Amino acid sequence: MSHIITRIQPAVERNWIKELAEGITDPKELLQLLEISPSDWEAGFSARRLFAQRVPRSFVARMEKGNPDDPLLKQVLPIADEFNDVDGFSADPLEEQDNAIPGLLHKYHNRVLLIVKGGCAINCRYCFRRHFPYQDNKGSKRVWQGALDYIAAHKEIDEVILSGGDPLMAKDEELDWLISAIEDITHVKRLRIHSRLPVVIPARVTSAFTERLSRSRLQVVLVTHINHANEINAELSHKLHMLRQAGITLLNQSVLLKGVNDSADALVALSQRLFEAGVLPYYLHVLDKVQGAAHFLVSDDKARALMQDIIGQLSGYLVPRLTREIGGRASKTPLDLHLE
């Protein structure tokens, strides 16, 4: 039935909010759906107390049944390693949690990051904001207005980044209000949206959302978060094509994750698949050292070696920039490859 619904879009669009509500929150149920015995993994199920599990069924459908090493599964399954206390890892690796204006981070000179919503459609176990105090940065028009007043008062800001959580957890009518308010600030030129929601629930890219972006006076950039080529299915490719047709610039950022995409083959396949879907690779981040995610860490030396390998296999425009973010710095920090 779902395939029939997909074919007749956009005349009848699937309800992304319903898909969101039907996400899987029980690791045992997730493994049973994938025909993997839960008994080998039960010791890690309690890690969802540290960070709740949430996985949309659309994303689960892209996982390989019977494979506990599936690269999509490994991004979302709570495991016992999350309880490990590792030196150098913290609850606030990017030093974001002392923001003076609720819902707003002014980390860079000419751009600000607006926390639109605290929730996500999917809880990735490596999330650098898994400990962020969203309760103090609520996604409401009242909080947004305080951020908008700040932006209006700072003429150096020419770009607003919608983030979260996930900004596309906001409904289309909420986003219309927020985008209209940003458009009214004359010194803002660009709107950037960082979201994983279209990836894990492609139905989130509604006709109304696409149309609203297409008529904005702002230059609009959507940055997807895709870590592995298997995340890109036909439905997502179709939705990305809709956005491109609407004049939206599409970029992607990935995180380098042990056991998920830490091979040259995986990274090359990802870049190629992204470009086929109309998206340019933008950043490949080394892991932000957030407490509970140390088991995903790939060393800087291995990251550099992987980049040197993929540079030899890909056209330059398909090579993402290897970078890390350091709390307190006014920009991201590229990792020098020391190429000879």
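Colleague: What is the mean pLDDT of the chain?

Modeller: This is a predicted model, and the share of its residues that reach a pLDDT of 70 or more is 89%. Taken over the chain, the mean pLDDT is 90.

Colleague: How many residues of strand E3 are buried, and which residues lie on each side?

Modeller: In a regular strand the side chains alternate between the two faces of the sheet. In E3, one side holds Glu159, Ile161 and Ser163, while the other holds Val160, Leu162 and Gly164, and all of these are buried, with both faces covered. Strand E3 (residues 159–164) is therefore largely enclosed by the rest of the structure, the count of buried residues being six of the six.

Colleague: Which strands are joined to E3 by bridges, and which residue of E4 is the partner of Ile161?

Modeller: Strand E2 (residues 111–117) runs parallel to E3 and is joined to it by six bridges, with Leu114 standing opposite Leu162. Strand E4 (residues 190–195) also runs parallel to E3, joined by four bridges.

Colleague: Which residue in E6 stands opposite Leu222?

Modeller: Strand E6 (residues 249–255) has six of its seven residues buried, so it is largely enclosed by the rest of the structure. Strand E5 (residues 219–225) runs parallel to E6, and five bridges join the two. Opposite Leu222, the residue in E6 is Leu250.

Colleague: What separation do the C-alpha atoms of Leu322 and Val255 have?

Modeller: Leu322 belongs to strand E8 (residues 321–324), and because its relative accessibility is 5%, Leu322 counts as buried. Along the chain Leu322 and Val255 are 67 residues apart, whereas their C-alpha atoms are separated by 9.6 Å.

Colleague: Are helices H7 and H9 roughly parallel or roughly antiparallel to each other?

Modeller: Two packed helices are described by the angle between their axes and the distance between the axes. For helix H7 (residues 172–183) and helix H9 (residues 207–214), the angle is about 5° and the axes are 10 Å apart. Because angles under 35 degrees count as roughly parallel, H7 and H9 are roughly parallel.

Colleague: How do the residues of the contact of H7 with H9 divide into nonpolar, polar and charged?

Modeller: From H7 the contact takes Asp172, Leu175, Asp176, Ile179, Ser180 and Glu183, and from H9 it takes Ala208, Phe209, Arg212 and Leu213. These residues divide into five nonpolar, one polar and four charged.

Colleague: Is Ser237 buried or exposed, and which residues does it touch?

Modeller: Ser237 lies in helix H10 (residues 234–245), and its relative accessible area of 17% means that Ser237 is buried. Leaving aside residues up to four places away in sequence, Ser237 touches Ile232, Arg273 and Ala277.

Colleague: Is Glu35 buried or exposed, and what value is its phi near?

Modeller: Glu35 is found in the loop between helix H3 (27–33) and helix H4 (57–60), and with a relative accessible area of 57% Glu35 is exposed. Most residues other than glycine have a negative phi. Glu35, a residue other than glycine, has a positive phi, near 60°.

Terms used: Residues numbered from 1 in each chain as written. Predicted model: local features only at pLDDT ≥ 70, side-chain atom pairs only at ≥ 80, totals over all residues. Heavy atoms only, no water. Axes fitted to C-alpha atoms, helices over the stretch in contact; angles between N-to-C directions. Parallel < 35°, antiparallel > 145°, perpendicular 65-115°, else oblique. Contact = heavy atoms within 4.5 Å. Nonpolar A, V, L, I, M, F, W, Y, C, P; charged D, E, K, R; others polar. pLDDT = per-residue confidence, 0-100. Buried < 20%, exposed > 50% of the residue type's maximum accessible area, 1.4 Å probe, protein only. Pairing = 2+ DSSP bridges.
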